[in-house]
Amino acid sequence: MTTFENPHLIYAPIAGRAELARLIAAAGGITITESVNVANLGKPDLLETGESKKNYMSPSGMPLLQHGDLKISQSGAIEAYMASIAPRYKDLTPQQKAVDMMFMGIKEEINHNCGKAIFTTQKADKNKAVEDVCALFDKWGAVFEDQIPTEGFIQGLPYPTPADLALLDITTSYMPIGSARKLAQYDVGKWEKVVALCDRVKADEHVNKYLSERKYADANPWGM
C-alpha cells in the first residue's frame, strides 16, 4: 500500500470541491501532491489503483486525502485538516478557526447549489437555473458586502486565512461556480468589498505564487 509523506489530494482536474484545500495548503506553507482523474468522479473505486473509496469513508465521492496512515473524505474535513497542519496557521485561536470553518461551509453551500444549477436544473428548465443562481449570489453577496472589512483581512491578521481564501475561491474558480455565473450572466464585480478583499489576498506572497502556477481553477472539461 502506498503511503505519502506529504498530504496527497485525490480529485479531478477541476476547481470544484478541492480548490480551497489547494489554496489553504499553498497559503499555509504545505507542499502537497495530487492525483487527478475526471474518470474517478462517481466511481466506487479509484481506477488507477483499484482501491475502494470506502477506505476514505466515501461511497463514491471526492475529494479524498491521504497523509501517512490518515485517509479522509469530505471537502470541509480536508480543508480543516490542511489548515490545522499549516505552519502559517498554527497560532490561530479556536474562535478564529471557527470563523474559517464557517466560510468553508458557505463556500461549500455555494459550490453545491451552483453544481445543482448547471448539472441538473438547467437540463429541465434553464430559466429556473438562472433564477436560482442569481438568487443564490444575491443572498450571499448582500451578507458579504455587509460584513467584509474594507481594509485588511477577515480575521484582522496580517495575512489571509481560509476565510479569505474561501472568497477568493468563490470569485475566481470556474467549475462549477464560475460556470454558474456564466450561465446566469452574474457579475460578482458588484461585490465591491469582496473584490477589494480578494485583490489583497492575491497580493499575498504565498497566494500570488500559487496563482501563478495554478493548474485547475479555469478547467472546464465538460465545455460548460
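Leu 9 stands opposite Leu 65 in strand β3, and β1 and β3 pair in the antiparallel sense over three bridges. Strands pair if DSSP finds at least two bridges between them; strands (E, at least two residues) and helices (H or I, at least four) are DSSP runs, numbered from the N terminus. This is a predicted model, in which local features need pLDDT of at least 70 and side-chain atom pairs count only at pLDDT 80 or more, while totals for chains, interfaces and linings use all residues. Residues are numbered from 1 along each chain as its sequence is written, and side-chain values use heavy atoms, with hydrogens and water left out.

**Strand β1 and its partners**

- Strand β1 (residues 8–11) points His 8 and Ile 10 one way and Leu 9 and Tyr 11 the other way, and all are buried, where buried denotes under 20% relative accessible area, exposed over 50% and partly exposed in between (1.4 Å probe, protein chains only).
- β1 also pairs with β2 in the parallel sense, over four bridges, and His 8 stands opposite Thr 33 in β2.
- From β1 the chain crosses through helix α1 (residues 19–28) to β2 in a right-handed β-α-β crossover; right-handed denotes a clockwise path from the first strand over the helix to the second, with the strands pointing away from the viewer.

**Aromatic pairs**

- The structure holds seven aromatic pairs, defined for rings of Phe, Tyr and Trp (its six-membered ring) with centres within 6.5 Å; planes under 30 degrees apart count as stacked, over 60 as edge-to-face and the rest as tilted.
- Phe 137 and Trp 191 form a tilted pair, at 5.9 Å centre to centre with 50° between the planes.
- That pair links distant parts of the chain, with Phe 137 in helix α4 (residues 126–147) and Trp 191 in the loop between α6 (174–184) and α7 (192–203), 54 residues apart.
- Both Phe 137 and Trp 191 are buried.
- Phe 137, Trp 140, Phe 144, Tyr 186 and Trp 191 are linked by ring pairs into a cluster.

- Helix α5 (residues 162–172) has 10 of its 11 residues buried, so it is largely enclosed by the rest of the structure.
- The buried residues of α5 include Pro 162, Ala 163, Asp 164 and Leu 165.
- The C-alpha atoms of Ala 163 and Met 102 are separated by 7.7 Å, although the residues are 61 apart along the chain.
- Met 102 lies in helix α3 (residues 94–124) and is partly exposed, with a relative accessible area of 46%.
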